[in-house]
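The following note sets out numbered points on the structure shown below. Each point may be checked against the sequence and the coordinates.

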Amino acid sequence: MNPRLLYAVAVGLLLPVQFALNSALTPYTHSPVATAAVSYSVGALFLTLGLLIAGRGRLSFAPLRGAPVWSFLGGLVGSAYVVSSVVLTRSLGAALAVSLVIAAQVIASLAFDHFGVLGLPRRPFNRQRAAVLVLVLAGLGLQVLR
C-alpha cells in the first residue's frame, strides 16, 4: 500500500482527537475562541521549536515575499475551523460533527479539484468521484437519521 495513503488515514484520525481535546478544554477557558487561541498558541510553540531544530536555528522568511497575499489566510481559516469544531462537537457530539465536516470537506475538495481553485492542479469530476460523493452523503444521511 502507498505510504502516503496510510499517512492520510493517520492524519484523518487526528480530526476527532482535535475536536475532543478542544471540547474538553472549553469548560476551562469558558470560550470557544479562547480555546482556539490556546490551541493555536501551543501549536505555534511546537512548530517554532520544530523549525528551530530542523533549521538548526536558521530561519529565513525572505522567500515569503513572493507568495500571493491570499495564501497567508490559512491561519485565519484554521482559527475559524477550530472555534467551529468546539461549538459543533459540544452541541452535536463528535460523530455527527465530524461526519458533517467530512461531508463538507469532500464536496468542497471535489469542486476545488475540478476547477483548480487556489492554485491546485485540475482533476476533473468523474464517475468514480461521483460515487465517493454519493457514499459520503449516504453515510452522513445515516448519521442524521439516527
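1. Loop residue His30. His30 lies in the loop that joins helix 1 to helix 2; helices (H or I, at least four residues) and strands (E, at least two) are DSSP runs, numbered from the N terminus. With a relative accessible area of 69%, His30 is exposed. The classes used throughout are buried for under 20% relative accessible area, exposed for over 50%, and partly exposed in between (1.4 Å probe, protein chains only). The phi angle of His30 is near 65°, a positive value in a residue that is not glycine. Most residues other than glycine have a negative phi.

2. Basis of the model. The model is predicted: local features need pLDDT of at least 70 and side-chain atom pairs count only at pLDDT 80 or more, whereas totals for chains, interfaces and linings use all residues. Residues are numbered from 1 along each chain as its sequence is written, and side-chain values use heavy atoms, with hydrogens and water left out.

3. Leu118 sits in the loop between helix 4 and helix 5 (127-145). Its relative accessible area is 53%, so Leu118 counts as exposed.

4. Overall architecture. The protein contains 5 helices and 0 strands, and its elements run α-α-α-α-α from the N terminus on. The C-alpha trace spans about 50 × 40 × 35 Å along its principal axes. Of the 146 residues, 18% count as buried. Among contacts (heavy atoms within 4.5 Å) with a separation of 6 or more, 61% are between residues 24 or more positions apart.

5. Surface. The protein exposes about 10500 Å², of which carbon and sulfur atoms supply 73%; accessible areas come from the Shrake-Rupley method with a 1.4 Å probe, and for residues only the protein chains shown count as cover. Val38, Val42, Leu45, Phe46, Leu49, Leu52 and Ile53 make a nonpolar surface patch of about 660 Å². Patches are made of residues with over 30% relative accessible area and no salt bridge, like charges being joined within 9 Å and nonpolar side chains (Val, Leu, Ile, Met, Phe, Trp, Tyr) within 5 Å. Leu52 counts as partly exposed because its relative accessibility is 37%.

6. Annotated segments. The unreviewed UniProt entry carries the annotation "transmembrane region" for residues 36-55, 67-88 and 94-118. UniProt positions are given in the numbering used here, feature names are shortened, and annotations may be inferred rather than shown by experiment. In the model, residues 36-55 are 95% helix and 0% strand, with end C-alpha atoms 27 Å apart. For residues 94-118, the span is 88% helix and 0% strand, and the end C-alpha atoms lie 30 Å apart.

7. Nonpolar core. Which residues make up the largest nonpolar core? The 5 residues are Leu15, Phe19, Ala97, Val98 and Val101. A nonpolar core is a set of buried Ala, Val, Leu, Ile, Met, Phe, Trp, Tyr and Cys residues joined through side-chain atoms within 4.5 Å. Helix 1 (3-29) and helix 4 (94-115) are the elements that give two or more residues to this core, and helix 4 gives the most, with 3 residues.

8. Phe19 and Thr89. Neighbours within four places in sequence aside, Phe19 is in contact with Tyr81, Ser85, Thr89, Ala97, Val98 and Val101. Thr89 is part of helix 3 (residues 74-92) and counts as buried because its relative accessibility is 9%. With the same exclusion of neighbours within four places, Thr89 contacts Phe19, Ser23, Ala94 and Ala97.

9. Salt bridge. How many salt bridges does a search of the whole structure find? The search finds 1, a salt bridge being a side-chain nitrogen of Lys or Arg within 4 Å of a carboxyl oxygen of Asp or Glu. The side chains of Arg129 and Asp113 meet in a salt bridge at 3.0 Å, N to O. Arg129 is in helix 5 and Asp113 in helix 4, so the pair ties together parts that are 16 residues apart in sequence. Asp113 counts as buried at 16% relative accessibility, whereas Arg129 is partly exposed, with a relative accessible area of 22%. Not counting residues up to four places away in sequence, Asp113 touches Leu120, Pro121, Arg122, Arg123 and Arg129.
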